[in-house]
Amino acid sequence: MKQRILTAALLIPPVLLAVFLSSFYFLYVAAIGVFLVGYVELRALSGAPWRGLPLIGIVLFASTFPVWAQMHSAEAWPFLYQNSPLVGHTICVVASIVGSLGALYVARGGRGAALAELVSLWVAAPLVSLVLLKFPYVRSGPLFDWDTPILLALIPIWIGDTLAIFAGKAFGKHLMAPKISPKKTWEGGLANLLGCLGGAIGVALLIGQPMIVGVLVGLATGILGQLGDLLESAMKRSARVKDSGTLLPGHGGLLDRIDSILLSAPAVALIVVMLGKI
């Protein structure tokens, strides 16, 4: 628990800074950096040595390359998705599913560089979905934008994970997946779901999104977030490692910190675009 709290204290402030800043470029560059670090860890879990760049993931990022001359217009979208924001988020959901299936294959013993390239979509898609979600909120006025819907993809996950830790330690008796994650319990999982639901509804109301968005986002983060955690745990078990990397000595790798967001973020973004206010 202390490790998770310390990690949150180290990572949450810069993450929130990137989210709240009006500058689109800061989040865009930060997302690419997170992707590249995650990709290095992913290749290690896939048993593939580092050779070259993650071309599939980079192509997905490049597809969102903004129209620079229109960056300060609230109506502007990256060229591929300029007429319909829904298209970009749908592509991210499909890419996330494809990457997740590849990750599942790694968890079942699959290895190789080609597989690692495919699984890179599992990391790239949620980051791209957050980038696309940020774009309509780029403004030339205030330095900070406090009503960004990206919070819906982050805050509920953090609340749910925190409640799951405390509930699991206090009440956890029934193991959810003992062969994959021996400490995860159904009691902690229920607390996670309720925390995500309450957090998402609260954030939605706070930033002016409809109640239905909060409810659906809460269910998406509470369910998909835990599935993402289990999937990453299964990959580590298959690779016979405790952590995905050593980014934070004693606290694991980057994938260990963002695994709950990897499956849920594209779904959250799609919900906001379809039913929310952008």
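Which residues form a nonpolar patch on the surface? The legends below answer this and describe two further views of the model, which is predicted.

**View A. A nonpolar patch lies on the surface.** The patch is formed by Leu86, Ile212, Leu216, Leu219, Ile223, Leu227, Met274 and Leu275. Together these residues have about 670 Å² of accessible area. Two helices, α8 (211-239) and α9 (254-275), each supply at least two residues of the patch. The largest share comes from α8, with five residues. Leu219 is found in helix α8. Its relative accessibility is 35%, so Leu219 counts as partly exposed, a class that lies between buried, under 20%, and exposed, over 50%.

**View B. Helix α5 has a kink at Ala124.** This helix covers residues 113-134 and has 22 residues. From its first C-alpha to its last, α5 reaches 32 Å, close to the 32 Å expected at 1.5 Å a residue. The kink at Ala124 is about 35 degrees and lies shortly before the proline Pro126. Is α5 largely enclosed or largely open? Of its 22 residues, 19 are buried, so α5 is largely enclosed by the rest of the structure.

**View C. Arg43 is joined to Tyr39 by a polar contact.** Arg43 has its place in helix α2, which covers residues 24-45. The contact joins the side chains of Arg43 and Tyr39 at 2.6 Å. Why is Arg43 classed as buried? The relative accessible area of Arg43 is 3%, and buried means under 20%.

Methods:
Residues are numbered from 1 along each chain as its sequence is written. This is a predicted model: local features need pLDDT of at least 70, side-chain atom pairs count only at pLDDT 80 or more; totals for chains, interfaces and linings use all residues. Side-chain values use heavy atoms; hydrogens and water are left out. Helices (H or I, at least four residues) and strands (E, at least two) are DSSP runs, numbered from the N terminus. Buried means under 20% relative accessible area, exposed over 50%, partly exposed in between (1.4 Å probe, protein chains only). A polar contact is a pair of N or O atoms within 3.5 Å; within protein, one must be able to donate a hydrogen and the other to accept it, and residues adjacent in sequence count only if both atoms are side-chain atoms. The expected span of a helix is 1.5 Å times one less than its number of residues. The bend at a residue is the angle between axes fitted to the seven residues ending there and the seven starting there. Patches are made of residues with over 30% relative accessible area and no salt bridge: like charges are joined within 9 Å, nonpolar side chains (Val, Leu, Ile, Met, Phe, Trp, Tyr) within 5 Å. Accessible areas come from the Shrake-Rupley method with a 1.4 Å probe; for residues, only the protein chains shown count as cover. A salt bridge is a side-chain nitrogen of Lys or Arg within 4 Å of a carboxyl oxygen of Asp or Glu.
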